[in-house]
Amino acid sequence: MSFEPEYIENDRLFKLAASTARLYKQSGTVSGKQPASVINAAVKLINRSYASAEAQFGSSAKVPGEYEWLLDNRYLAIREARIASNAFLREKSLRSSDDGVIILKAAEALVNAGLGEIDSERTKLFLEGFQSVSALPRAELYLFPAALRAALVIRLSKCSDAGGFAAIFSSLRFLASENMQKLLESVDLTERLLMADPAGVYPNMSEKTRAYYREALSNDAKKRGTDEHRYAAQMLENAKKNKRHIGFEFFPEKQKSGALYIASNLLATLFLTVLCGFLSKSVAAAALLLLPISELTKSLIDYIVLMVAKPKFLPRMDYPDGIPDEGKTICVISSLLSDKGSGRKLSERLERFYLSNRNCGENLLFGI
């Protein structure tokens, strides 16, 4: 007896996803080459079907519906398959069950539940349901759009009815045009924990900075041999106890390096100032030389640091309405007035800085 597969409505999708998570238990790991080979095999089947349809119908006006979809849209499937394959090939270690790569099996479950149809709402419901049982590692979660592309291509290679072709190609177009970043962040369990930052800083950071934080936390958790979600929960608990920004919990080296930089500047400046005072036997001369020595010392240390250390990512805030009152900042240009024209040049430079940062609002001030 044969029967048509059942379309799983949205109100049952969460439960299906939870069951899928229970079904596929990790038994090991594989590289991204394994799912990439599955995708390539599916592409070969699609190309054979395309070649067969083209040979049989060519430019005939009477082309069956399923073959018409394939003849007109094969390029889309090949393009999205290539994107998916390249994404998987970048992964060195993916969780695998006895039936295959877990993230790909999850994507196939979602695609099959909609008979090839996917959208933002169904994707979010499925990921929430899946993670109610098993939290996805960050790398797998952000690989899910690629896994969906792969699952659609695999389904297409096995498809024969016109309705199935229509749903699959519509879903591939959806993935090609939709920005999935916000959706993935909304179901990222680690992101939710970071958003609870007791200092309230993390939610106001730029998207690139938040991604940098998640990457750093993921790498740190991997080094410690612990789960990302549990590690993030631990860091949040520590931040609450210490009543400070959560970033301080997994970026301690930045605090140390910053303190070392400041200490080096201060000690070198004081040493050279005292030395000059001793050589000139004048306290007044030492006091007058403090500022220029400080500038020269800072420039020298900056040069040395840039020579021996690689530049690191600078976390940034995202204030679409300008810097708030609590973040009021003054940017000061320190310089020596060496001639009569120095003041005019510095004021022009100050004006350029001000005009190029007008979107920061009235709480960003500039001075000389």
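Analyst: Burial comes first: buried means under 20% relative accessible area, exposed over 50%, and partly exposed in between, with a 1.4 Å probe and protein chains only. The model is predicted, so local features need pLDDT of at least 70, side-chain atom pairs count only at pLDDT 80 or more, and totals for chains, interfaces and linings use all residues. Residues are numbered from 1 along each chain as its sequence is written, and side-chain values use heavy atoms, leaving out hydrogens and water.

User: How is a pair of aromatic rings described?

Analyst: By the distance of the centres and the angle of the planes. Rings of Phe, Tyr and Trp (its six-membered ring) pair if their centres lie within 6.5 Å; planes under 30 degrees apart are stacked, over 60 edge-to-face, and the rest tilted. The whole structure holds seven aromatic pairs. One of them, tryptophan 69 with phenylalanine 169, is stacked, at 6.3 Å centre to centre and 10 degrees between the planes.

User: Is phenylalanine 169 buried or exposed?

Analyst: Phenylalanine 169 is buried, at 0% relative accessible area, while tryptophan 69 is partly exposed at 29%.

User: Which type of pair do tyrosine 212 and phenylalanine 313 form?

Analyst: Their pair is tilted, with 4.5 Å centre to centre and 40 degrees between the planes. Both residues are partly exposed: tyrosine 212 has a relative accessible area of 23% and phenylalanine 313 one of 25%.

User: Which residues form an aromatic cluster?

Analyst: Trp69, Phe165 and Phe169 form one such cluster.
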